[in-house]
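This briefing goes through a predicted model.

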Amino acid sequence: MKILFAASEAYPLAKTGGLADVAASLPAALKRLRNDVRLILPAYPAAKERIEKPKTVASLELPGVHDTVQLIEGTLPDSSVRTYLVDIPSLFERPGGPYANTDGEDWSDNPARFAAFCRAVVAVAMDRAGLDWRPCLVHGNDWQTGLVAPLLSLEPIRPATIFTIHNLAYQGNYPWHVFNTLNLPGEWWNSEALEFYGNFSFMKGGLMFSDWLTTVSPTYSREIRTAEFGYGMEGVLSKRSDRLLGILNGVDNLTWNPVRDPALVKNYSIRNLKHKVRNKVALLEEFGLPVDREALLFAYVGRLAYQKGVDLILDILPELFDQPVQMVLLGSGDKGYEQRCRDLAAQYPEQFGVFIGYDEGKAHRVEAGADSFIMPSRYEPCGLNQIYSLRYGTVPIVRHTGGLADTVVDATPRAIMTRTATGFVFDDATPASLMGAIQRAITCFSRPPVWWRKLVVAGMETDFSWTVSARDYIALYKDALNDQGITPTDSEQGADAG
Ligand code: ADP
């Protein structure tokens, strides 16, 4: 199959969260299954620097865009996935992140930036960019690609469309006057199209117009049809529930693998778990904490956001630190949480190590060095850090929601005996409920080491590779093509898969 995979970030070209990991590793897995999958994303400065073997292969004119748009073709590092960067200097050539400036404020012209990106995706999808390549299917991701399916719906003959929700809370909603500047068909200002409670919504465009919708875990696919998790889209999603599937994210076995991870001081596997302790000692030193091999070391890595339940962790720390345990935290985001973290680190210098910032290597070392990873998210579409933790033998403590519920098996006595338990799961987003789960972890850790080891080994043995999930996507792609009466056979000629 010829597949165009559109995303606003892909590791290592640009990354703010889990989407980047998926947008890099899913195309690579699809390619291994002999599909001609090509990635397309905006040409941010870092992406232009990091892409391998770049060359400009096409220029195009897009409605509403004053610059000439250039397409840079190259390969995604470590994967050989062919990648197009949409180069529009006035929109993407600037410092800061993919969506926000260096102070973390969203770029005010984000609607224009991502509308232009969507138009470029459509030009490539319709083979109007002079690449002589026509995909049979376009796979968009999150609101930044939300206009791709609506724009393609205007074409008499078009590729099939899939749209994946990685986080429904970010919808790209803007007022009428913004809609008015984007040269979109007036009839789309309609509740059956892009209009959404008096605004227009990129996300709703993707949800209404794509042939199939997916999200990144089965539990989240059910949750988002309810008012609690739907962020206003629950009606749309319930209506389209026969076209909505939950497919769990896999993890990239090359990037996240304790056996070969170059960021670690010592690699390890189930067979030589004693080397994990070397990583623990190094991690404590890296975070400036006194080395106590016996003390249970908890960790958190991730955005410091209300979604992640960071406040629940901070609320329980004084009580937790009454016991001989330590914790390291790596993250950035909400300035209030950042300050609370720094204050608590100053208050508990022997027990709480904090690094405010974004550091990929540190994230790997935390996963390897900690004993247990705390992830009390209020909602979690899939969550990758708890899966990385399982792979690294770092027992996760998670709230029963979304992908956390689908990936971690609670350590009931029975589940421990049968070697199926992989972590500690709790229900309520309250400090007390989180503390209850942490207390169970502390009790388990204080038993003879064989108990804890059972959890570690069961987690490390669980298969979270992309192989299974990528096959689920392929099955879905085939259904989508069948619905459209598209046969992938003509696209096999010239495919460069393998
Ligand atoms: P989300 O996409 O909601 O932010 P995920 O758990 O799905 O959460 O993915 C988060 C990804 O971002 C993981 O790869 C994680 O290691 C990484 N990450 C988040 N914050 C940081 C940080 N401060 N430093 C390094 N990596 C981080």
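Strand E13 makes the largest contribution to the shell around the ligand, giving three residues. In total, 20 residues surround the ligand, and the closest of them are Lys15, Gly18, Asp21, Arg303 and Gly357.

**Ligand contacts**

- A polar side-chain atom of aspartate 21 lies 2.8 Å from an oxygen atom of the ligand, while glycine 357 places a backbone N or O atom 2.8 Å from a ligand nitrogen atom.
- Aspartate 359 also takes part through its backbone, with a polar atom there 3.0 Å from a nitrogen atom of the ligand.
- Of the 560 Å² of accessible area that the ligand has on its own, the protein covers 93%.
- The elements that give two or more residues to the shell are helix H1 (18–32), strand E13 (296–304), strand E14 (325–333), helix H14 (360–369) and helix H15 (385–391).

**Aromatic side chains**

- The structure holds 24 aromatic pairs; in one of them, the ring centres of phenylalanine 445 and tryptophan 452 are 5.0 Å apart and the planes stand at 85°, so this pair is edge-to-face.
- Within that pair, phenylalanine 445 is partly exposed at a relative accessible area of 23%, whereas tryptophan 452 is buried at 7%.
- A cluster linked by ring pairs takes in Tyr44, Phe92, Tyr99, Phe114, Trp143, Tyr174, Trp176, Phe179, Trp189, Phe200 and Phe202.

**Charges over rings**

- The charged end of arginine 447 sits over the ring of tryptophan 451, at 4.7 Å from the ring centre.
- Lysine 362 has its charged end over the ring of phenylalanine 287, where the distance to the centre is 5.8 Å.

**Backbone details**

- The peptide bond from tyrosine 11 to proline 12 is cis, with omega near 0°, and proline 12 lies in the loop between strand E1 (2–6) and H1.
- Aspartate 142, although not a glycine, has a positive phi of about 60°; this residue belongs to the loop between strand E6 (137–141) and helix H5 (148–152), and it is buried, with a relative accessible area of 8%.
- Arginine 419, likewise a residue other than glycine, has a positive phi near 60° and is found in the loop between helix H17 (413–417) and strand E18 (424–426).
- Arginine 419 counts as exposed because its relative accessibility is 56%, which is over the 50% cut-off.

How values were computed:
Residues numbered from 1 in each chain as written. Predicted model: local features only at pLDDT ≥ 70, side-chain atom pairs only at ≥ 80, totals over all residues. Heavy atoms only, no water. Phe/Tyr/Trp six-rings, centres within 6.5 Å; stacked < 30°, edge-to-face > 60°. Buried < 20%, exposed > 50% of the residue type's maximum accessible area, 1.4 Å probe, protein only. Lys NZ or Arg CZ within 6 Å of the ring centre and 35° of its normal. Near = heavy atom within 4 Å. Polar contact = N/O pair within 3.5 Å; in protein donor to acceptor, adjacent residues only side chain to side chain. Areas by Shrake-Rupley, 256 points an atom, 1.4 Å probe, with all protein chains shown as cover. Helix = DSSP H or I, 4+ residues; strand = E, 2+ residues; numbered from the N terminus.
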